[in-house]
Amino acid sequence: MAEAKTLHDAFIDELRDAYDAEKQLLKALAKMAKKASADDLSAAFDSHLGETRGQVDKLERVFASLGEKVRGKHCDGIAGIIEEGKSVMEEDFDSATMDACLIAGGQRAEHYEMAAYGTLVAWARLMGHTEAGDLLEEILDEEKAADAKLTALAEGGINEAASSGTTSEDDDEDDAPAPARQKVRPAKAKAAKKKTTRK
Ligand SMILES: [Fe+2]
């Protein structure tokens, strides 16, 4: 009977999974950058796309540091998240709501990756793979920063812009003159958006 597999085998398996996930995300992030209406959101997806290319390189260096062949193994988890994101992108949402949904989908992917790299860093450190641990920690930090950036964009105007679209439609029964009220809200959303662009 074959010997039971070890934590090292599980580690290599997870690395292959992560490598495949990054490759899937290269395609998905390019589509999300195109789909986003807010310039700063599109730029955020684009910049994480560049980072993701770097992560593919870093993972190749991790494999090399372990004397392992570079190989991916289909990542069903990220495939599911990307599939859900695709369905949302096919919906007929107004542009601000679509941006809010793109952020929601993007953050699902980032959190999945943060969980995966958190484990990989811990295992690498435990088994004394210093170089691999350092590279994986760099990737983990990039995923955390990308997630924080998306939160800042959502809270810095995109969610509000999406919700002001809803509010003005629900205002029909309001006694206040609708045009005057509607003017105020988009301007407020724009101002909030401008604020995030400057950062
Ligand atoms: Fe990544």
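**Questions and answers on the helices**

Reader: What does helix H3 reach from its first C-alpha to its last, and what would be expected at 1.5 Å a residue?
Author: Helix H3 spans residues 76–89, and its 14 residues reach 20 Å from the first C-alpha to the last, close to the 20 Å expected at 1.5 Å a residue. The expected span is 1.5 Å times one less than the number of residues. A helix here is a DSSP run of H or I with at least four residues, a strand is a run of E with at least two, and numbering starts from the N terminus. The model is predicted: local features need pLDDT of at least 70, side-chain atom pairs count only at pLDDT 80 or more, and totals for chains, interfaces and linings use all residues. Residues are numbered from 1 along each chain as its sequence is written.

Reader: Which residues of H3 are called buried, and which exposed residues lie on the face turned away from them?
Author: A residue is buried if 20 or more other C-beta atoms (placed from the backbone) lie within 10 Å of its own, exposed if 12 or fewer do, and partly exposed in between. By that criterion, Ile78, Ile81, Ile82 and Gly85 are the buried residues of H3. Because they fall within an arc of 95° when seen down the axis of H3, they line one face of the helix; the arc is that of the directions from the helix axis to the C-beta atoms. The face turned away from the buried side carries exposed Asp76, Gly80, Glu83, Lys86 and Ser87. In general, an α-helix has 3.6 residues a turn, so residues three or four places apart point the same way.

Reader: What covers the buried residues of H3?
Author: The cover includes helix H1 (7–35) and helix H4 (95–126).

Reader: What makes H1 and H3 roughly parallel?
Author: They pack at an angle of about 15°, and their axes are 10 Å apart. Axes are lines fitted to C-alpha atoms, for helices over the stretch in contact, and angles run from 0 to 180 degrees between N-to-C directions. Angles under 35 degrees count as roughly parallel, over 145 as roughly antiparallel, 65 to 115 as roughly perpendicular and the rest as oblique. H1 and H3 are therefore roughly parallel to each other. In this packing, Ala21, Gln24, Leu25, Ala28 and Lys35 of H1 meet Ile78, Ala79, Ile82, Gly85 and Met89 of H3; two residues are in contact if their C-beta atoms, placed from the backbone, lie within 7 Å.

Reader: Why is H1 called roughly antiparallel to H4?
Author: H1 and H4 pack at about 160°, with their axes 10 Å apart. That angle makes H1 roughly antiparallel to H4. Residues of H1 including Leu7, Phe11, Ala18 and Lys35 take part in the contact, and among those they meet in H4 are Met98, Leu102, Gly106 and Trp123.

Reader: How are H1 and H2 oriented, parallel or antiparallel?
Author: The angle between H1 and H2 is about 160°, and their axes are 9 Å apart. The two helices are therefore roughly antiparallel to each other. The contact includes Leu15, Tyr19 and Leu29 of H1, and Phe45, His48 and Leu59 of H2. H2 itself (residues 39–65) has 27 residues and reaches 39 Å, close to the 39 Å expected at 1.5 Å a residue. Among its buried residues are Asp40, Leu41, Phe45, His48 and Val62. Glycine 67, with a positive phi near 70°, follows H2.

Reader: In which crossing does H1 pass H3?
Author: H1 passes H3 in a left-handed crossing. A crossing is left-handed if the near helix is turned anticlockwise from the far one by less than a right angle, and right-handed if clockwise. H1 also passes H4 in a left-handed crossing, and its crossing with H2 is left-handed too.

Reader: How do you know whether lysine 34 is buried or exposed?
Author: Lysine 34 belongs to helix H1. It has 11 other C-beta atoms within 10 Å and is therefore exposed. Its C-alpha is 8.9 Å from that of phenylalanine 45, eleven residues apart along the chain.

Reader: What is arginine 71 called, buried or exposed?
Author: Arginine 71 lies in the loop between H2 and H3. With 11 other C-beta atoms within 10 Å, arginine 71 is exposed. Arginine 71 and aspartate 17 are 54 residues apart in sequence, and their C-alpha atoms are 8.9 Å apart.

Reader: Why is phenylalanine 93 given the class it has?
Author: Phenylalanine 93, in the loop between H3 and H4, has 16 other C-beta atoms within 10 Å and is therefore partly exposed. Leaving out residues up to four places away in sequence, phenylalanine 93 touches Met98 and Cys101.
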